[in-house]
Amino acid sequence: MSEGRGASASFLVGAGIFLSRIAGLIRQKFFAYYFGTSIAADAFNAAFRIPNMLQTLFGEGVLSASFIPEYSRLLARGDEVRARRLAGAVAAALALVSSIVVLLGILAAPLLVGLIAPGFTGERRELTILFTRILFPGAGLLVFSAWCLGILNSHRKFFISYTAPVLWNLATIAALLIFGRSNTQYRLAEIFAWSSVVGSALQFGIQLPFVIPLLRGFPFNTHFRDESTQTVARNFVPAFISRGVVQISAFIDAYIASWLPQGSVATIAYAQVLYTLPVSLFGMAVSASELPEMSRATGTDQEVAAYLRGRLASGLERIAFFVIPSAIAFLLLGDMVTAALYEWGRFTRTETIWVWQALAGSTIGLLASTWGRLYSSTFFALRDTRTPRNFALFRVALNIALGFVFALGIPVWMGIDPKWGVLGLTAASGIAGWIEYFLLRSRMEQRIGRVRIPASRSSAIWGSAVGAAAAGWGAKLLMDGAASAWPAIAVLAVFGAVYLGLSVALGVPAAKSLVRR
């Protein structure tokens with residue numbers, strides 16, 4: 001697969017993710033209107049993390065790391081019979097495991113809520129337990145949605161699997177529009193949770209018509225002793241940990257945030273919707289499209305290393321071109337972005353500033369998270385899930401330690417408002433992310449050699465981003481800092497146009513490629 005074809009695959013993944021994320025932003029805008037940073041908002045966002053982590057870890061995380069490399073290898077060898085057998089065995093295993101976990105999750109919801117949100121009491125705790133029980137079945141359905149994604153990605157059919165979440169978002173938006181005016185806030189939150197389950201079924205169902213022809217049916221089987229199935233099983237736990245580090249970090253953030261003032265959990269959730277947008281659009285797009293191709297690498301060790309160096313260098317540069325300006329924009333213009341998306345109804349200017357604080361802390365680790373994901377994919381392509389697992393465990397441990405200190409300790413020691421703890425919490429995650437990234441890069445370079453973006457190109461990207469931020473800040477001042485939808489769009493348009501113009505003028509290849517497209 002040529003670099004141009006790799007860029008095209010990344011574009012298809014990015015386009016699908018873009019559509020689903022836009023739908024997600026619209027969903028969050030309506031959610032903010034009806035719930036703001038209320039008790040119901042805190043409870044739903046805390047409850048949603050448990051089944052969402054289950055879906056991501058058992059589904060996308062495990063399948064991306066353990067299933068796709070093995071399935072792609074069988075397809076590359078032309079062994080379609082074993083590939084279909086592997087897909088069916090994995091589907092059967094996922095059905096068994098996810099069913100057990102969903103049942104246990106429903107029964108053990110009070111215990112789980114005590115673990116993720118120990119600071120919740122009274123109504124917040126009871127609502128969180130209720131929402132957790134409702135959401136768990138939807139998570140089981142999303143595990144199968146992720147299985148479909150693994151099949152489609154391996155066959156280089158990227159678009160449908162990444163646009164499928166649009167249906168999930170539409171189901172939840174419809175629930176708010178239909179029932180929002182006629183129900184109390186708590187009842188509406190319960191309806192919203194049920195609509196999430198409906199959306200999960202739609203997300204899975206839309207992909208099946210595309211998957212079944214590839215597998216010539218729905219090949220459930222119990223070939224668990226097959227060599228390929230055993231390979232996937234051996235990589236399950238390492239993949240579970242290494243691919244799920246972002247979700248585990250978010251889980252930890254929610255745990256610590258439950259000790260912060262009311263609304264902190266919801267505030268971090270609002271910020272993460274924005275923060276994860278570039279991670280998904282660019283980090284996930286590049287990593288998802290590169291993993292099947294890297295997994296097909298053949299030849300001598302030297303040839304494989306050279307091939308991976310080329311793909312890794314190209315992917316890192318494509319990610320940097322989009323993520324660096326995203327981080328700068330969130331840091332300096334985050335109030336404009338937040339106000340444009342959320343500031344209406346129960347979401348006031350006070351909440352906007354609070355979300356900006358959390359968003360500013362998140363930008364510290366934005367580039368590290370996206371680059372680290374690509375390095376993890378490279379390890380997975382080499383059938384090494386243990387190295388990313390070990391570094392992910394270290395990151396989680398560091399995140400816990402720094403999170404408690406930055407979120408709960410520093411505000412007390414400095415005598416400042418405890419609400420500043422959300423910035424400390426997201427900043428701690430970013431610092432831990434950078435350390436994990438450097439560990440991944442160092443170990444990978446021991447295996448395939450040094451991989452770097454040329455210094456001149458990196459400087460051009462950073463310089464263009466800073467110049468664009470200055471232009472955006474100037475536009476903001478001309479508008480007297482007005483933070484509503486149209487001024488925000490105008491400011492961000494200035495930022496984007498100046499960044500693209502400067503990066504083209506400075507000869508950044510990714511910018512020239514974007515203009516040609």
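Buried residues are those under 20% relative accessible area, exposed ones those over 50%, and partly exposed ones those in between (1.4 Å probe, protein chains only). At 12% relative accessibility, Tyr34 is therefore buried. The model is predicted, so local features need pLDDT of at least 70 and side-chain atom pairs count only at pLDDT 80 or more, while totals for chains, interfaces and linings use all residues. Residues are numbered from 1 along each chain as its sequence is written, and side-chain values use heavy atoms, with hydrogens and water left out.

Aromatic rings of Phe, Tyr and Trp (its six-membered ring) pair if their centres lie within 6.5 Å; planes under 30 degrees apart are stacked, over 60 edge-to-face, and the rest tilted. The count comes to 18 aromatic pairs. Tyr33 and Tyr34 have ring centres 5.0 Å apart and planes at 90°, so this pair is edge-to-face. Phe321 and Tyr499 have ring centres 5.3 Å apart and planes at 35°, so this pair is tilted. The latter pair links distant parts of the chain, with Phe321 in helix α13 and Tyr499 in helix α19 (residues 485-505), 178 residues apart. Helices are DSSP runs (H or I, at least four residues), numbered from the N terminus. Phe321 is buried at 2% relative accessible area; Tyr499 is buried at 6%.

Phe347 lies in the loop between α13 (301-342) and α14 (349-362). Its relative accessible area is 2%, so Phe347 is buried. Contacts (heavy atoms within 4.5 Å) of Phe347, not counting residues up to four places away in sequence, include Ala32, Tyr270 and Val355.

Note on methods:
Helices (H or I, at least four residues) and strands (E, at least two) are DSSP runs, numbered from the N terminus.
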